[in-house]
Amino acid sequence: MSSSYDGPWTARKVREEFFNYFRSKDHTFVPSSSTVPYDDPTLLFANAGMNQYKSIFLGTVDPNSERGKLKRAFNSQKCIRAGGKHNDLEDVGKDSYHHTFFEMLGNWSFGDYFKKEAIEFSWDLLTNVYGLPKDRLYVTYYAGDPQNGIPTDEEAKQHWLSQGISPDHVIASKGNFWEMGATGPCGPCSEIHFDRIGGRNAAHLVDGDDPNVLEIWNNVFIQFNRDDDGSLKPLPSRHVDTGMGFERLVSVLQNKLSNYDTDVFSPIFTRIQELTGARPYSGKFGNDDVDGIDTAYRVVADHVRTLSFALSDGGVPNNVGRGYVLRRILRRGSRYVRKKLGAPIGSFFSSLMPVVVETMGDAFPELTKKQGDIKEILDEEEESFSRTLDRGEKLFDQYATRTKDLGINELNGADVWRLYDTYGFPVDLTRLMAAELRLGINEKEFEDAQEHSKLASKGSFKKDKADLVKLDVHDLAALEKNDAIPKTDDSFKFQLGNVTATVKGIYYHKEFISSSSGIPADANFGVLLDRTSFYAEAGGQEYDTGNIVIDGATDFEVTNVQAYNGYVLHTGSLKYGQLSVGDEVISSYDELRRWPLRSNHTATHILNFCLREVLGDHIDQKGSLVAPTKLRFDFSHKAQISLPELAKIESMSIDWIRKNVKVYGKDLDLKTAHKISGLRAVFGEAYPDPVRVVVLGYDVDEVAKDIENPKWRSTSVEFCGGTHVAKTGDIKDFVITEESGIAKGIRRIVAVTGQEAHEASRVANSLKVRLEQLESTEGREKDTGLKVLSVELGQADISVLLKAELKDRLATLRKSLDKQIKEKENAINKAAVNALVTFFEEKPDSEVYFAILEVDGNAKILQNVVMQGKKLGKTVYVFSVDAEGGKVAHANYVSESARSRGLDARTWASKVSDILGGKAGGKEDGAQGVGVNVAQVEEALKVARVTFSSRYN
């Protein structure tokens, strides 16, 4: 079934012909938006082609921007429907058409053509270009909603009939109405369906969930706006938004009954078979797929596409939001690879990913550009899960067997939570595994266990801060005398993976005890092992976290690790079970936390070397922090580092990463090691003997044979007991985010690597784009935009170099705008004052000047006009509306002549404020105020006139 397609309509050609057709109809190609919608917090992932055009539909787009000038557009949008409201994840693999990743071919009209042309384009492309048989196509139109006053879409119906479609293939549908949300743009839609079978009238099967009569294209006609009260009002500008499922269209054109039987998926299936040695894909579903292998093919092929695209767009698997959805997808796919396809995991998806790049990289070049990054993240995540998958499955089998032995059909919810919490099994994966055995999950018990864990974590966090378990000098003296508790062998911290160990000591309330059974639930205590894979905090590098586990019996969550004279104390609390001295346990550090720690530690060595190369040999380390999210390095240097020097340091560091040299580490005799040419060591630090030496690019054994060779000075050589990457390329990227002085003669650099560096670059680029957009705006919009951007730029954790560049550009824009504002204000001020002067020149006998000035509520200009009236000895009352701010500024001056008639400026302004609202105040001869009733300004002017006239009549 997975044999390659050799007919006329390859997937690549189907996409190309769609593009060619709409280019010929004067449409502009707009690249697909990212699958990760950073600027739309309402979405987990982009799930439709219209998302990037929301501002046009809502009328909030800047009309002067490229997007604002767009009239016709087309593209193939990358879509992910997994998690959130639109979630196809659990259906993938079960049928022929569900996918978590799919392409949506689309064309759009923004206030340009409408129903007639959209329908003509659709019919022409499908029947004349793609050559689909007209008698197998069916179309729907909106049947209307009389109860809510929405008429039948007769217009769309007639346009379809005019294409020559048989009337019994044009079907009214009550569901054909599209809405962006509870309020906002909306309108009727018209779907195109295709009958895979043919030779029959399938009208009654349209919209009936028949897999052989499927919707392939939807034309949405955005012509209404739904108000808060639910009513519909016609939009001044009508739009067309269409979407055609690419995978479905390809299956139709290739005459396949399943999307998975097309050449969209067959190259991936071929590669899966090569990697796993599984039997070929045979296209079976449900009970027919007896061994589950065909389902596994579909799941894995779908998931590798989703992961490749999401990661190329900057998505990162983690424990929150869209990141957790990606982690679930990877782990779900990994389990199918291991369980159904019988292949080892750890680097499977990164080995499969290149076929996605080969088949789709031409249409989506970001895949090709990010291939290295995708591989790194996939391997990191998959390797982490591989360490618990087999153990978790064994435990699941035990739970399932126990459940069946008890004669019940639901897994205990607490056990399901345990599989998630200790072994990283997403609950939907456990649910899937249970369903395979015709078992369910006790959801209430699961939710209770989850809630208990959350409450315990909050308490544990507070305890960690206030009650860190520590060994003091008396405890250490007792340990030294106790032969039953040896010093900890922590050499395994330099290796990957878990290690089996034995509990040697349990430390609680200043005592070493034999069992945890007497320790209160959720209490913090310490555990000593004979050997450990955990890294204890040292040398600036933060400690590891993770778990000490007895599979199926005990989970001790490690939240802190400290070393005391060779004894490594693991601090934490029990999630469940008990620990006793002598227990055999699994020491399992959190690899996903350790990974960036390694990267940041090696990057610190690179930075130290580059600082010496750029600034000189006087650079000495004064402190450092290696955390999962950043690195911080303090060093001796008298002056602030200039931007050109920082650029050179950053560039040189990135060069080291790109060289991808191996990182070597080994213990050497301390006296000998001190003689290594170019060695970097912290002055005054007491190093152990032997000492661990870390070298970039040269084997430590090679260095040891020729200790004083000057060529070692050309690389980084340091004494270091920390954990490091295997090769510098694993660091991925390096960005300096801060350079500052922390004391006299001491400077500090903060930098980020890997995913944090990519995120810093993404944020910087988005700020740069916003600055460029502001360059094309004017007036108040530009002023407000620059103020907001200035604050955000100051707070952003981005490259110090880019921040300096953007700040300079922003300052230039600010200066230019301030000049424009001042020049404009001066011109407006001059015109307003001259208007008053001209008025009295033309009417010298007039006592008073009234005006509504077009100065955007500028109170300063109003005062200047009033002062000019005062110079002329004339009474003045002027107003100005600030429409955007929703305010009205007003000011007056009462001449000596008018005051003698009893006119008081304060009383006068008060009467105006009765109309405009707000407040007013001043003196007898002049007052000013700000009102809020913008629509009443003419009425206020009338009251001002009447009040004045009453004193002269």
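Are Phe850 and Trp908 buried or exposed? Phe850 is buried, as is Trp908; buried denotes under 20% relative accessible area, exposed over 50% and partly exposed in between, with a 1.4 Å probe and protein chains only.

## Basis of the model

The model is predicted, with local features requiring pLDDT of at least 70 and side-chain atom pairs counted only at pLDDT 80 or more, while totals for chains, interfaces and linings use all residues. Residues are numbered from 1 along each chain as its sequence is written, and side-chain values use heavy atoms, leaving out hydrogens and water.

## Aromatic pairs

The whole structure contains 43 aromatic pairs (ring centres of Phe, Tyr and Trp, the last by its six-membered ring, within 6.5 Å; planes under 30 degrees apart are stacked, over 60 edge-to-face, the rest tilted). Tyr142 and Phe177 form a tilted pair, at 5.2 Å centre to centre and 45 degrees between the planes. This pair links distant parts of the chain, 35 residues apart: Tyr142 belongs to strand β4 (residues 137-142) and Phe177 to strand β6 (residues 177-179). Both Tyr142 and Phe177 are buried.

The ring planes of Phe850 and Trp908 stand at 85 degrees with centres 6.1 Å apart, so this pair is edge-to-face. Because Phe850 lies in strand β27 (residues 848-852) and Trp908 in helix α25 (residues 905-916), the pair ties together parts 58 residues apart in sequence. Helices (H or I, at least four residues) and strands (E, at least two) are DSSP runs numbered from the N terminus.

## Cluster and charges over rings

Ring pairs join Phe18, Tyr21, Phe22, Tyr113, Phe121 and Trp217 into a cluster.

The charged end of Arg594 sits over the ring of Tyr589, 3.8 Å from its centre (NZ of Lys or CZ of Arg within 6 Å of the ring centre and within 35 degrees of the ring normal). Arg692 likewise has its charged end over the ring of Phe494, 3.7 Å from the ring centre.
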